[in-house]
Amino acid sequence: MNRKEVAKLAGVSEATVSRVLNGVGPVKEDTRKRVMEAAQQLNYVPSALAQRFALRKSGNLGVILPFLPKVNLFSTYYFSEVLSGIGITAKQRGYDLLLLFREPDEPKDYVNLFRTQKVDGCIILGAQDVPSERAVLDELQQGQYPFCLINQRFDGKTFNTVDADHRMGSFEAVKHLANQGCKRILFLNGPSVYSNSLDRLEGYRQGLAEMKLPYDSSMVLVGNYSRKSGYNLSEAIAWLIKEGRIDAVIAANDRMAIGLLQGLRELGLQVGKDVALMGCDDSDGARLTDPPLSSIQVPFYEVGCMAASNLLDVIAESEHRSFEIKLPVKVVVRASSAAENFSEA
């Protein structure tokens, strides 16, 4: 059965049948009723692909990911949780995911994804606060193309964002450690091109001030969020522990914390006794370390769900509106930072 036969039975043109079934253009109510009755009588079901073409919709939600040759993104807690949230929400809303990997130096022609109707909206992970990134996001914004950033914001910009309250996470982590008797807390942060790194550093400084502890810039080290970067800094941190200059460490994610824990053990130091240690994410790996790792629980799955849900609402409403969502975090205490396990300063 085809559209021509539906048009003949309803006594209208094929173009009118197309407008009715695709929900585009003005059609009189009695005409719409005749077309729908004819389609039902003939058991005519329009092609989903044809409908999307008529509506200028692809049915795809794009997810832009950083291409990291030495990292299996789908095995990392952060990306797997966020993508699961996006994917399940998109499926519930009748959308497919189109995953797009970008290399650091690759031109970021995101607007072309919309012009060629590859995506109806896109969610961007791993964005960095650099001029080239700002320029392409400005282009998307000016064209009123639906997009959303996850775990990244740009000061002075009103891009759609869904994030967690990373500032409060490190603030509460400092308070927890201080209440356990720690007075010299080192912070192992990530690169400053990520807004969550800046937020965590701000929370760390505010936590120290709240607990009447001094801030010392030499007590802030920077890794790249990989396990290896935490491991590589273990020798320098071990020296600080042995010299009595630090009694606790907060790492900006669990991967760095786990790498540091491994390195300290190889150097003869025991986390939970010689030094308190906290990570961030509350990944599955935090429960499997020895000792189990205290961590800041971040709802990455919910972040993915919220990003997809809100962006798909914007697409469905066909209007340009902005949203900025920040989800709460909480400190999960385990043996790596329990007061009864480590030596008092």
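Helix 9 (residues 195-210) runs for 16 residues and reaches 22 Å from its first C-alpha to its last, close to the 22 Å expected at 1.5 Å a residue; the expected span is 1.5 Å times one less than the number of residues. This is a predicted model, in which local features need pLDDT of at least 70, side-chain atom pairs count only at pLDDT 80 or more, and totals for chains, interfaces and linings use all residues. Residues are numbered from 1 along each chain as its sequence is written, and side-chain values use heavy atoms, with hydrogens and water left out. Helices (H or I, at least four residues) and strands (E, at least two) are DSSP runs numbered from the N terminus.

Just past the end of helix 9, Lys212 takes a positive phi of about 60 degrees.

Then there's helix 7 (residues 131-142), with 12 residues. Its buried residues are Glu133, Val136, Leu137 and Leu140. These cover an arc of only 100 degrees around the axis, which puts them on the same side of helix 7; the arc is that of the directions from the helix axis to the C-beta atoms. Their packing partners are strand 2 (96-102), helix 6 (110-115), strand 3 (121-124) and strand 4 (147-150). Turned away from that buried side are Pro131 and Gln142, both exposed (over 50%). Just after helix 7, Gln144 has a positive phi of about 55 degrees.

On to helix pairs. Helix 5 (residues 77-92) and helix 14 (residues 300-317) pack at about 35 degrees with axes 7 Å apart; axes are lines fitted to C-alpha atoms over the stretch in contact, and angles run from 0 to 180 degrees between N-to-C directions. The crossing of helix 5 and helix 14 is right-handed, meaning the near helix is turned clockwise from the far one by less than a right angle. Contact residues include Tyr77 and Gly85 of helix 5 and Phe300 and Gly304 of helix 14. The contact residues divide into 11 nonpolar, 5 polar and 1 charged, with Ala, Val, Leu, Ile, Met, Phe, Trp, Tyr, Cys and Pro counted as nonpolar, Asp, Glu, Lys and Arg as charged, and the others, Gly among them, as polar.

Definitions and conventions
Buried means under 20% relative accessible area, exposed over 50%, partly exposed in between (1.4 Å probe, protein chains only). Contact means heavy atoms within 4.5 Å.
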